Amino acid sequence: MADVVQFRLEGMPDELDDLEKRGLFSKAELAEVVRRRRDFEFRLRRHSPRKGDFLDYIAYLLRVDALRDLRKRAIIRATPDPNDGKKRKRRKSKWAKSVSDFAGVTRVLGVYHLATVRFKGDLDLWFRYLEFCRQKGHGRMKQAMAQAIRYHPKVPGLWMYAAAWEFDQNLNVAAARALMQSGLRSCPESEDMWIEYLRMELTYLNKLKARKVALGEDVKTLPKSNDDSGHWKEENKELFMSLDEQGAEESGLQGVDLEEKEDLFWQQGLLIIRTIYHGAMEALPSSLTLRKKILEILNSVELAHSEELRLEVMDDLKKDFSHDEDYWDWFARLQLSGSTNSSNKKEALLNKLNKSIQVYDEAVRKLPTSKMYSLYAKFWLGVIFSDREDSISLFQDAEFDASEFTSSMLKVYENAESCGCLAEELACQYVSLLLRFGRFEEAKNLAEKLCSGPLLQAANLWNLRASIEINSLGTATGSASFSEENLSSLFDLFNVVLPKLSIAKAEGLWHTAMKLFSHDKIYFKKLVKCATLSLSSAGGSDCGASVCSAIIGWVLQKDGIKQARKMYKRFFALPRPSLKFFQFCIELEANLASTGNHDALVTARKLFDSAINHYPQERELWRKYYNMELKVGTSETSNAIYWRARKVLNDPTALHSP
């Protein structure tokens with residue numbers, strides 16, 4: 001190892017002599033540079049060098065080279081510009097490029113090469129290497145790219161990076177095209193590669209167009225229509241002759257040749273796009289996003305006869321994705337794109353909206369699913385309500401009153417209900433909209449109907465129904481408290497749904513019920529009994545722990561710590577008590593123990609021991625137990641917990657030493 005390091009260091013004398021000769025570094029500084037480089041070289045040559053060793057060495061070399069360049073510029077600026085020609089020549093010769101100007105970059109490249117050989121699979125390292133070569137414009141760029149692609153042929157980013165360098169920096173379009181085509185053969189399922197290949201070809205086409213414009217060979221760039229061709233023919237009527245005149249055939253052929261020559265350039269561009277499109281569809285036939293991106297690119301370029309390709313893409317989309325709800329949603333929203341006539345903006349917006357509605361109506365006829373109706377409803381919400389994050393800004397105008405379409409939006413929910421496609425989220429939206437529009441009775445009846453029928457297990461809808469019932473009774477009585485009759489009806493409502501839903505689904509309902517019945521002991525006891533039955537099947541879930549903790553909190557607030565202890569002992573008797581519930585009760589007792597309550601300290605220790613019996617490998621539990629003994633216990637109890645933890649966890653570093 002020392003021989004290899006010495007051999008590497010023996011390649012530095014020319015560089016060091018040049019740095020000293022030019023006055024950029026002193027002898028002491030150069031000695032320090034040699035010492036640091038020797039240390040880094042030894043780190044690289046050890047048995048298992050780390051990636052950080054290579055990066056630290058590279059960072060050091062770059063700092064030294066930056067300091068060299070800074071001092072060189074400072075000396076050149078400080079040197080006066082002599083009028084004598086001989087002195088100017090001597091000064092130019094002194095600061096001409098020399099070995100020290102290139103040695104730093106060469107050494108960094110060498111370290112990068114060693115790093116990539118050692119860590120072939122590290123893509124971040126490869127990209128650092130390539131980016132450094134690109135910034136320095138070094139000739140090793142091609143070699144580095146070839147090595148990176150050889151080790152990572154399935155990484156699309158490397159192919160695109162290499163093609164971009166060939167196209168933008170090396171100005172070699174043929175090589176860039178070859179790289180992209182090779183990359184597509186290796187990674188045919190990469191959407192980004194297909195899109196970047198298309199953009200590269202279009203960029204090259206635009207460069208050719210700019211060249212033709214500069215040479216005075218401009219061609220038409222806009223898609224031609226019948227009016228355009230007629231206007232062009234009128235402007236150039238001298239090129240055309242009637243068929244009965246002499247030489248009509250020759251003149252007709254010349255006109256055709258001229259027109260074909262005019263369109264040849266953009267027809268070639270259209271052919272490239274068409275070829276890429278068909279290749280992408282063959283490789284990724286089920287990718288909707290790829291086709292949408294290609295269509296966006298088509299809409300942004302101006303090619304003769306490109307409208308035919310746009311229609312082909314749209315037809316293929318409808319044929320291949322008519323079973324996909326996202327396609328219909330995208331196609332409907334696509335009708336809103338395009339410029340709006342400022343003279344009659346309201347009418348133009350209405351026309352666009354009607355087109356979108358027609359697409360959505362066709363979609364729900366062909367694809368009557370919950371997702372399709374949900375997307376349709378989301379569209380209407382974005383049109384009507386401007387306070388939503390997904391609102392459509394096109395309709396947020398003072399001239400356009402979207403509220404007149406509320407009946408059309410509610411019709412979507414009605415159709416979804418009649419088709420049996422009203423899912424839980426859609427049903428909650430339906431009820432919330434009725435409440436927002438002030439139709440409280442309709443909302444109440446609808447929620448009752450849905451909860452009693454197809455959405456019996458919809459916890460969010462039950463929660464919404466409970467809030468409607470509570471608000472309705474509160475509004476009827478005109479006070480915050482409820483009569484015995486009202487409490488009985490509300491309890492019957494909760495008693496219907498809570499046993500049928502799991503704790504995980506009905507967690508919000510449990511908290512609502514506890515808050516409502518916390519001031520009535522009879523109904524609260526009934527609720528606790530119902531919760532005990534549900535918790536026995538929930539086991540050690542966090543949702544069950546949340547409900548138990550809330551019950552303990554209400555009991556503690558109303559009846560004190562003794563009743564709270566009885567209650568949580570009752571819950572601990574259930575199978576598989578949750579760790580989260582153990583932690584809640586332990587924290588409750590530990591807080592009391594910190595105030596000097598001896599009973600709370602004894603109870604907290606019992607809770608800790610019980611929790612450890614159920615969860616012996618929980619490190620955080622041991623750590624809290626140990627910290628509690630350090631604060632309120634004795635040295636003997638804390639030492640005992642420390643050694644118990646070491647024995648159970650089999651880890652001497654699990655707890656801090658006492």
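Which residues touch the most other members of the largest nonpolar core? Trp380, Leu498, Trp510, Phe517, Ile551 and Phe571 do, in a core of 196 residues. A nonpolar core here is a set of buried Ala, Val, Leu, Ile, Met, Phe, Trp, Tyr and Cys residues joined through side-chain atoms within 4.5 Å. Buried means under 20% relative accessible area, exposed means over 50%, and partly exposed is in between, with a 1.4 Å probe and protein chains only.

Some ground rules. This is a predicted model, where local features need pLDDT of at least 70, side-chain atom pairs count only at pLDDT 80 or more, and totals for chains, interfaces and linings use all residues. Residues are numbered from 1 along each chain as its sequence is written, and side-chain values use heavy atoms, with hydrogens and water left out.

Now the overall picture. The protein has 31 helices and zero strands. Helices (H or I, at least four residues) and strands (E, at least two) are DSSP runs, numbered from the N terminus. Of its 658 residues, 42% count as buried. Contact means heavy atoms within 4.5 Å. Take the contacts with a separation of 6 or more: 62% of them join residues 24 or more positions apart.

Helix 18, residues 370–384, gives the most to it, with ten residues. Ile551 is one of the residues that touch the most other members. Setting aside residues up to four places away in sequence, Ile551 touches Met514, Phe524, Val528, Ala531, Met567 and Phe571.

Next, helix pairs. How do helix 4 and helix 6 cross, and at roughly what angle? Helix 4 covers residues 51–78 and helix 6 covers residues 99–118; their axes come within 10 Å and cross at roughly 170°. So helix 4 is roughly antiparallel to helix 6. Axes are lines fitted to C-alpha atoms, for helices over the stretch in contact, and angles run from 0 to 180 degrees between N-to-C directions. Under 35 degrees counts as roughly parallel, over 145 as roughly antiparallel, 65 to 115 as roughly perpendicular, and the rest as oblique. On the helix 4 side, the contact includes Phe54, Tyr57, Ile58 and Leu61. Ala, Val, Leu, Ile, Met, Phe, Trp, Tyr, Cys and Pro count as nonpolar, Asp, Glu, Lys and Arg as charged, and the others, Gly among them, as polar.

The second pair is helix 28, residues 579–593, and helix 30, residues 619–632. Their axes are 12 Å apart, at an angle of about 5°. That makes helix 28 roughly parallel to helix 30. Leu579, Gln583, Ile586, Ala590 and Ala593 in helix 28 meet Leu621, Lys624, Met628 and Val632 in helix 30. By class, that is seven nonpolar, one polar and one charged.

Now helix 9, residues 156–169. Its 14 residues reach 19 Å from first C-alpha to last, close to the 20 Å expected at 1.5 Å a residue. The expected span is 1.5 Å times one less than the number of residues. Its buried residues are Leu158, Trp159, Tyr161, Ala162, Ala163, Trp165, Glu166 and Phe167. They pack against helix 7, helix 8, helix 10 and helix 11.

Follow that to helix 11. Met200 sits in helix 11, residues 191–214. Is Met200 buried or exposed? Met200 counts as buried, because its relative accessibility is 9%. Beyond its neighbours within four places in sequence, Met200 contacts Phe167, Ala176, Arg177 and Met180. Met200 and Val173 are 27 residues apart in sequence, and 9.2 Å apart in space, C-alpha to C-alpha.

Two loop residues next. Leu171 lies in the loop between helix 9 and helix 10. Leu171 has a positive phi of about 55°, although it is not a glycine. At 64% relative accessibility, Leu171 counts as exposed. Arg576 lies in the loop between helix 27 and helix 28. Arg576 has a positive phi of about 50°, and is not a glycine either. Arg576 is exposed, at 53%.

Last stop: Ser356, in helix 17, residues 345–366. Ser356 is buried, with a relative accessible area of 0%. Apart from residues up to four places away in sequence, Ser356 touches Ala332, Gln335, Leu336 and Phe379.
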